[in-house]
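Have the sequence and the 3D view open side by side.

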Amino acid sequence: MHHAASTFLQDKGVIKGDAGGLISGKQVFFEHTLELKVSRIQSLDLDYFIDDLPAILDHSSFPNTTQGLLFSPCAHEMNSGNHDNFTCWQDINDFLFHRAL
């Protein structure tokens, strides 16, 4: 499953590959449990974290210094949690890189 996710991110231009990309594959991590994933997020001291699982962003140990961004093209997940919700990658891009100062 992690290989499929890596391939998807590379195909979409998120992970750097032969055709470029936004970030190095060394900056993408996969964990086997929810608890390990949240622990990794804590250890990285991130400003933003994007996930498609509300359970990660709503986890009681999710760091309050990291702003969670939920990627969910499904409307039924849009009203959950204390995080920002996005239905498409373009909206996330606009939020992160084209915000008015």
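Asp47 counts as exposed because its relative accessibility is 59%, where exposed means over 50% relative accessible area, buried under 20% and partly exposed in between, with a 1.4 Å probe and protein chains only. You'll find Asp47 in the loop between H2 and E1; helices (H or I, at least four residues) and strands (E, at least two) are DSSP runs here, numbered from the N terminus. Leaving aside neighbours within four places in sequence, Asp47 is in contact with Thr65, Thr66 and Gln67, contact being heavy atoms within 4.5 Å. Asn64 is 17 residues from Asp47 in sequence, and their C-alpha atoms are 9.8 Å apart.

A quick word on the ground rules: this is a predicted model, so local features need pLDDT of at least 70 and side-chain atom pairs count only at pLDDT 80 or more, while totals for chains, interfaces and linings use all residues. Residues are numbered from 1 along each chain as its sequence is written, and side-chain values use heavy atoms, with hydrogens and water left out.

Back in that loop between H2 and E1 sits Asp45. What is its phi, given that Asp45 is not a glycine? It is positive, about 50°. For background, most residues other than glycine have a negative phi. Asp45 counts as exposed, because its relative accessibility is 60%.

Now step into helix H2, where Glu35 lies. Glu35 is exposed because its relative accessibility comes to 53%. Its C-alpha is 9.6 Å from that of Phe62, 27 residues apart along the chain.

Phe62 takes us to the inside. Together with Val38, Ile41, Phe49, Ile56, Leu57 and Leu70, Phe62 makes up the largest nonpolar core, 7 residues in all. A nonpolar core is a set of buried Ala, Val, Leu, Ile, Met, Phe, Trp, Tyr and Cys residues joined through side-chain atoms within 4.5 Å. Helix H2 (34-44) and helix H3 (54-57) each supply at least two residues of this core. Apart from it lies another core of 5 residues, including Leu69, Phe71, Phe86 and Ile92. Leu57 is worth a click: not counting residues up to four places away in sequence, Leu57 touches Phe49, Asp51, Phe62, Gly68, Leu69, Leu70 and His83.

Next, the largest pocket, at a volume of about 1600 Å³. On a 1 Å grid over the protein atoms alone, a pocket is an open set of points where a 1.4 Å probe fits, with protein on both sides within 12 Å along at least five of seven lines; lining residues have an atom within 4 Å of a point. Points are joined across faces, edges and corners, and the volume is the space filled by probe spheres set on them. Of the 39 lining residues, Leu9, Phe49, Ile50, Asp51 and Trp89 lie nearest the centre. Helix H1 (2-11), H2, strand E1 (48-51) and helix H4 (89-97) give two or more residues to the lining, and H4 has the largest share, with 6 residues.

Zooming out, the protein has 4 helices and 3 strands, running α-α-β-α-β-β-α from the N terminus on. Of its 101 residues, 23% are buried. Among contacts with a separation of 6 or more, 18% link residues 24 or more positions apart.
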